[in-house]
Every structure is written in C-alpha cells, then in structure tokens.
Amino acid sequence: MPDITLTNVTKNYAGHGHAAVSDLNLTIAHGEFMCLLGPSGCGKTTTLRMIAGLEHLSGGEIAIGERVVDSLSAGTFLPPEQRRLGLVFQSYALWPHMTVERNIDFGLRLRKIPEAERRAKVNDVMEKLRIRDYAARYPSQLSGGQQQRVALARMLAVNPEILLLDEPLSNLDATLRLEMRAELRRLHEEFRTTIVFVTHDQWEAMTLATTIAVMNGGRLQQVGAPDDIYSRPVNRFVAEFIGNPPINMISLDAQSVLGGLAARLFGKLPLGGTSKVASVGIRPEEIAFSATVGAVPLGTLKLESIMPTGGSWILELSLGAERLFHATHTRPTARPGDVVDCFAKAEGLHLFDADGQRIELTEIRAQNAAQPIGQGRPALLPA
Amino acid sequence: MVMIDGRMTRGDAGSRFQRLRHQLAVARRDPVIAIGLVLALLFALLILAPVISILVNVAIVQIGDAARMRAPEGAFTLYYLTRAFASRMSAILLWQPLLNTASVAAGAIVLSMSIGGMLAWLINRTELPGRGWFATALIIPFMLPTWTLALAWTTIFKNRTVGGQPGWMENLGFATPDWLAYGRLPMIIILSLHYAPFVILILGSALQRLDAQLEDSARILGASRRRVAFQIVLPLMRPALLSSGLLIFADCIGEFAVPYVLGLPVGFDTLSTSLYRAISTRQSGMAAVMAAVIMAIGVLTLYIDTRMMREARRFAIVGGKGAMNRRRPLGRWFIPATGFAVAFFVIGVVVPLLTLFLSTIMRVPGRFTPENFTFDYWIGSNLDTVALRNGILLTPEFWSAGLNTLVIIGAASLASGVLGLLVGYVVIRSPFAALGAFLRQITFMPYLVPGIAFAAATLTLFAVPRGPIPALYGTSIILILALIADQMPFASRSGIAAMAQLGKEPEEAARVAGAGWWRRMTSIVMPIQKRALASAILLPFISGIKGVSLFIILAVPATDVLTTYSLRLVDYNYTQAANAVVLMIALLALAGTILINRLTGKGIAKGLES
C-alpha cells in the first residue's frame, strides 16, 4: 500500500521571486488523514496539486509507494491521468453538462468497466453519499452541499488509494460543514483511503486530521498530531496560527509593563549556547484568576469587556496600553471595569527564542537544576 | 529559473540537463504547447506574413515596373512612397482620397454621435413610450450591411449623371443635384444611420451602469439638472463617447461598399476605393502604399483608443449596486422625442428596406401605377431584357453565389470558431506566458488592419506560388484563409473569454479521473463550450455575409458570393436584380442575428456589442 513521499520538493513559478514551495520533506503514511494547514499563499494547495500531477516540480522528487511519479533527477513525470488518485476541488469542478449520474460514471467508463458493474458501483456510491435522489439532475440544480457530495462520489466511485481534498468544505455553510466533516471521517474509516486534505481552517484540521502539517511561506513548519501541534508548537508562527482566540504573545521588552514582567521572569534564564527567551506565549484559556501550583503571576489587570460567544466567553484584559485575551467556559463573575489578579498556568506557557523557535521548559528546568540562579527566581521553576 | 534549493543552485551542466529532460517529460504529457506552436505558426502565415509582405512591397520594385524604373524587380526603391506622398500625382492619389475619407468619417462621427447619443438617453433615461421595443428596433440599421442603405439611397436619388435606370425622384419630376445623389453628403448620412445604433449600444450600456445615486448626491448638494448633466453625467460618459467615436472612425476608414456605390460614379475617391482602383489596375506598388496608409491609420486609432481606455479606468464607477434607473417624464417634449425615435426607425429601417423591395417589383423606377408592378424580376422567365432574362430566383448564378456564400463563409467561420477556442485554450493553459501573449496579440492584429487592406495583403502573398503553397488567386481557398484571419480577432477574443470563464478545473478533474487529452477535449471542454462555440461560429458568419471588402479584392466570378454578385449586378445596372440580392442578404443578416440572440440567450444589444 502506497505511502506518499515528498523529498526536497521545490516549486518555483516563472516571474515570482520566491519559491511557492521550498525544500519540502514529508511522508504521508498509508491510511493517514493528513491535513496541510496554513494561511493562504503558504504553498499547501500547490503541494496538493504537485501530488496530483497538475503541477510539475521545479526540484526534488515525489513518490507514491514505490512509483516515482515526478522527479527532476530521474527526469520522470507521470501525468495526473495515470496516477490513479482522486482529487476534490475547492470549486467541486463538476462537469456542468453531465447529470449527477454521468459525472460519477465518467471515471468508471474511462476504466472500461462493464456496464452492469458500473451501474452497481454508481448506485452504491450515490447511496452512501445520500445523493441517489438527484441522479438525473444537473450540477446547477444542486445545492452546495449536494454538489460537494457529488464531487466526492465522483472520486470515490473509482476507489482511489489516495484521495486529495482541496478546501472542500470552505464553500459550505456552518451546519453543512459539520455534517460533511462527520461524513468525511466516516468515509475515511469506511474506505480506508489515504486522505490528504488542504485547509486554512484550523478548526477543520483539528477535528478531522490524524496528522497535521503546518506550512507557511512555502516551508513546512511542523508535522504532528493535532494535539501535539496545539500544545507544543515548534515556533512562534505555529503558536500564533493555531488557536482561536489566538495566543497572547508577549515580547520581552522593558518598555512595556507585560514585556518588562516577562523579561524579569525569563530574560535572564541561562540557556545552552547563546539563545535567550525572546517572547512568551500564553494561550487564552490558560490564564487564571487564582494562583495554582507553578502559576506565574501576571499582575493586576483591568477587565475591559466581556464577549459572550455562546457557551463560552472571551475576556479582554488590559494592563496600561496592553491587551490580553482570556477564554473561559465558566460564566465570568467580574464586571467590566473590575480589577483582577491574573496568573498564567505553567503548562500554558510557550517560550520562544529570538528566531521564534520553541524553547522547552524542561530544558530550562534541567539547566536551572544544574545551575541555580539567585533572587527573583520565577515561581514556575520550583527548585 | 533560479533554484532556491541550495543543492540545485550550483548550476552544473548535469542539473541543467536534468531540468531540460524533466521539462520535456512534462511537455510530452501535455499537448498544449504543441498545439500552441502549431497555432502560432499558422497565424504567422495567415496574418503576419501578408501584412509583412505588403509592407515590404511598399519599398521594392514591383513586377512590370522594372523597365520603367530602370531597376531590377525586387530592388529597393522609394518610388512608390515618393509618388504617393510628394509628387505631382500625390493630390489625386493620396491627399484628396485621404481628405475625403477623413471628412466623411468626421461627418459620420458627429452626426451618428448626436443622433445616437440623444436616442440612447431617450431610451435609457426617459419615459419614452415603447422604449423596450425601440431598444431593439433602433439597433436594426447596424445589423444591415451598410450598402443596403447606399443602394436604397441611389434607388431614390440617382440622377442623370450616371447611366442606367433613373432614380425615383428623377422619374417623379424632381431633378436631384449631384451633391444630394452622390459623394460626401449621402455617405455621411448613410454611415451615420448605420453607426448611430452602435452609439446607442455603447452609450446605453454606460448609462445603465451609471449609478443614479451619483446624480442624486449632486442634486442633494444643490446642483441644478443642467449642472448634473454637464459636470457629473457627461464626464463619466466621456470614455464611452470617445471610444465609440474612435471605433466608428476606424470602421469608416476601412469602409468600402458605401463609397463604391455612392462615390465611384462621380469620382469621389476614398482611401479604400483608391486602393481598389490601384489593385484592379495592377499597380501593386501603389496598392501597397495605400494599404499601408490605411493600416497605419487603423493602428494609430486603436492605439489612441487603448491609451484612452487606460485613462478611462480611473473613471471606473465604483459599486454599481444602486444603479437603479431613474427615468424622467418627457413632459412637453413627449411628441418631439417620440417623433424623433420613430423617424429614425422609419428612415433607417423602413424606408431603405421598403425601397429596395419596391424597386425589385417595379418595371420603371418610381412610377407608382398598378401596371408597373411585377414579380418578374424575382420569378419571371424569358424577360425582354438584354441579359439576365430570368427572375433572380431562377438564375443559376444567384444560387451558385448563395452556395458559395454558405460554403466559403461557413467553412471559414467554422474554422475560425474552432481555432478561436483553441487559441483560448492555449492562452489560458499554456505554462509559457510568452506563447499565450504571442497568440493573443497576433490574432488581434487583423483588427488593426481594415478588411480591404488585409485582402490586398493576402492577395500580395498568396496570388503567386510560395514554396510548397501553390498560387491561390481565383480559388475559394484564398477567400477562406483571408476570412479566417479577418475573423480571428473576434473568434480568439470570444475563445479566450469562454476558456477563462470555464477555468481549468473541470478539465483537471477529468485528468485526475484518468481522461487523456482527446477525451478531455471531446467529452468535457467542447461540450461545455457548445454555446460559446456556436456563437463564435455564427457571429462571424453573419458579419461574413455582410462583408464586402475582402471579397471585392479576392473573389473572381467563379467564387462569387452573394455580396460580390450583387455588386457585379450593380456594375451592370441590373438594379432590380441587384436590389433583390441585397435585400436577401439584409434579411439573412437580420434573421441570423436574431437567431444567435435566441441561441445564446443574450439581449440583441449585448450580442452585437461583443
């Protein structure tokens, strides 16, 4: 069964200064539900299209299983029609001149499958995706969600070993999205295909994927399980991109109150080599109003406003000109204008060096144990 | 291409070779580049080569001139240029025709823009009664071939200055002066009637896009109606006005049929008739100069137009969402305004078509007595005429001209429609931007070259054998080739628009599903583009039926189409027969346009605009 292996994959477009994708190394294991996540223009769709063969490489190699499908060094290129995979487009790209049934049947016809078998297969897929009733309709007569299911059915009918999805849920409304998300999960389990899914929506990625690959500026940032990516972002970009409301990022800076506080807490931490903590991220839900073991005091902040989001609340806190956001699932008792003592839970702190790379707390702890520092030792570093 | 990857930047020969090999592997799987190259080659031959060859002919000694000029054939010479621009003959050869052309064009622009502007405003901004009907009816003169009107004019106003059957006025006892019967004035009037609907279309759509809130805002700030009209509406309409003016100018420069019918009899030459005269008297050097002059004017006009459109983009009206049409009651202008619209319809449509029709069923022109009417000229046989002794419908030449029209123009339209879609395909899909840009530009080139100059250019190139291509003069192939080239600007534009609208995803989806190129074209691209293809074939077909200038140069009696056949009949003074043929062409063009609009579901106005 095929893994998809991308080795040093690079894509340049003529006339563009920087590479759309550069030096990407990624292995997508069989049966995985891999999500390529990143802001628009990060190269995720280009990567997907290169796997499909709709774009060719400018450097590197892509292999599907044992088969090298595109390689600069070997000078090979296998066109998409021979790669035997499925791709669902963001716009669905249903053929407007064919009925739903014909759309689904098209790939099977190309494979010269006998009529009876084809009919059975088409019916089966339509049944599974609950579009049986629309068999004779044209795409323009369908709603967005129905079109999306036809697009999926069209690909699933030919039993691809790999299914590529390019933001297939972005054109749907909220309810349909949820429904289709469940549907996709179910399909993944039922068909056992490898799914590569492109999205800019972290929520979608978190809920669907088994593995997430975060990309930015054409470069791979981090690959890992959804939980991993959220709780241990490897750099500032990932930390800031994942999470809603976004992480509170405080740069160590004596000019600002919070920055000064952070600087006092973390600035002098001895780390291996020359790297120093340059910024601290605190997840909004990791701010607390009471001290817990290992919590870091953030000082006394003023509650500016409360934004209910239905079942949860976002609190805007201020210290001078600076703002912090706190997310909670318990109804806040404080009123806007109140002053509250704030703490950051230890496990919610993310430290980054000047290059934006993550610094592990364990690393600090280890060094701290070896080389105790004097006065003003932060509370999060128990001796 | 710069490889970002550190290992690739070393740029050793190996990696360059690898890249090339990889590119070839990619290209082999995608025929777009191959198709693009074939198209580029084809258009270089069909479009670029004729234009270049005529430009070259301006400055080399032509066949037959060698002895007189004491220079070998093909040698470099400035003789033709000097003769045209700075000799005792220049006034007759170039300056007078140029002046005539310019004055006719200027007159036509002023008149058509005043008439068309007023009508556009009446239709779009006032409560003119029956404005929905007028919006379509007033466009009809633009659908008729220009010389329909010209022939109707001569039928009525012709005088004794030229031979043949006299005009109606003459027979009714009014002697029409030459200035009314021929030359500048009737040409200006006829071209104005023809192009006024064009102004209605362009200005009408600009007026419709104009947000009424822009006017309201000015009114609220206290501006008077007059001030709003002159300081808000007019400046915003300026791009549309200038553009339609320039396009009319470019069309008038290349106009051949009207001066042929109304100018030639009294020696009123325009650039196009001078070019025709030069060709028919085999002065290919002078013909080349005339063609080059016409081309230069065409290029210049369109250059100015593009420059101005670029300027005009600054005027792009933001957010046309509230573009509700505010209409104004006509008040005491009700009767004059309605009368004006009716009059335009009567003069531009009813009178010409009725005149032409009546002229075909009258023995003696302009005598409205019952015994003078007959259908002999349509269906009679063994008439007591010198030649053409059968009614036109019983004349074999008519039917063969009709068949030629169908075959020649049909083949050319079919070819250009398909080629246009292929151009669109390559332009949208080609991984090399340069190839797409080249195709886009070369297919647009014939638009800069008025038909008659282009025909002359084609004749220069293909009249004699060139390499593997035999001499094509006198065959229908040369007509088809010239027509294809002539229709490419429209065909490629609509092909590009259609392919751009389609996007590449439906085809990519088919690719991923496993469909090869041929399968993708036949079951995905072509079926989806069915309508676009139909209109890309039919619209050029209609304009081909109306067209004169290409055929007048390239057709011989054996390859007569309806237009050239009717002009031949005009030359022989078979007025009834000629008018009958013209009437049929006019009706064909009209019916065809309406059919296309039915087919494509566009309003008539929109269909013509593109």
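**Notes on packing**

1. In chain B, the residues B:Gln487, B:Phe490, B:Ser494 and B:Ala498 of H22(B) meet B:Ala532, B:Ser535, B:Ala536, B:Leu539, B:Pro540 and B:Gly544 of H25(B), contact being taken as heavy atoms within 4.5 Å. Helices here are DSSP runs (H or I, at least four residues), numbered from the N terminus.

2. This is a predicted model, in which local features need pLDDT of at least 70 and side-chain atom pairs count only at pLDDT 80 or more, while totals for chains, interfaces and linings use all residues. Residues are numbered from 1 along each chain as written, chains are lettered from A and ligands numbered from 1 in the order in which they are written, and side-chain values use heavy atoms, with hydrogens and water left out.

3. Helix H22 (residues 476-502) of chain B and helix H25 (residues 530-546) of chain B have axes 10 Å apart at an angle of about 165°, the axes being lines fitted to C-alpha atoms over the stretch in contact, with angles from 0 to 180 degrees between N-to-C directions. That makes H22(B) roughly antiparallel to H25(B) (under 35 degrees counts as roughly parallel, over 145 as roughly antiparallel, 65 to 115 as roughly perpendicular and the rest as oblique).

4. The axes of helix H8 (residues 146-157) of chain B and helix H11 (residues 184-209) of chain B come within 9 Å and cross at roughly 140°, and H8(B) and H11(B) are therefore oblique to each other. Among the residues making this contact are B:Leu149 and B:Trp153 of H8(B) and B:Ile189 and B:Leu193 of H11(B).

5. B:Ile190, placed in helix H11 of chain B, counts as buried at 1% relative accessibility (buried is under 20% relative accessible area, exposed over 50%, partly exposed in between, with a 1.4 Å probe and protein chains only). Leaving aside residues up to four places away in sequence, B:Ile190 touches B:Thr146, B:Leu149, B:Ala150, B:Trp153, B:Val258 and B:Leu262. The C-alpha atoms of B:Ile190 and B:Thr146 are separated by 7.4 Å, although these residues are 44 residues apart along the chain.

6. Over all chains, the structure holds 17 aromatic pairs (rings of Phe, Tyr and Trp, the last by its six-membered ring, with centres within 6.5 Å; planes under 30 degrees apart are stacked, over 60 edge-to-face and the rest tilted). The rings of B:Tyr79 and B:Tyr80 have centres 5.4 Å apart and planes at 75°, so this pair is edge-to-face. B:Tyr79 is partly exposed at 28% relative accessible area, whereas B:Tyr80 is buried at 2%.

Terms used
Helices (H or I, at least four residues) and strands (E, at least two) are DSSP runs, numbered from the N terminus.
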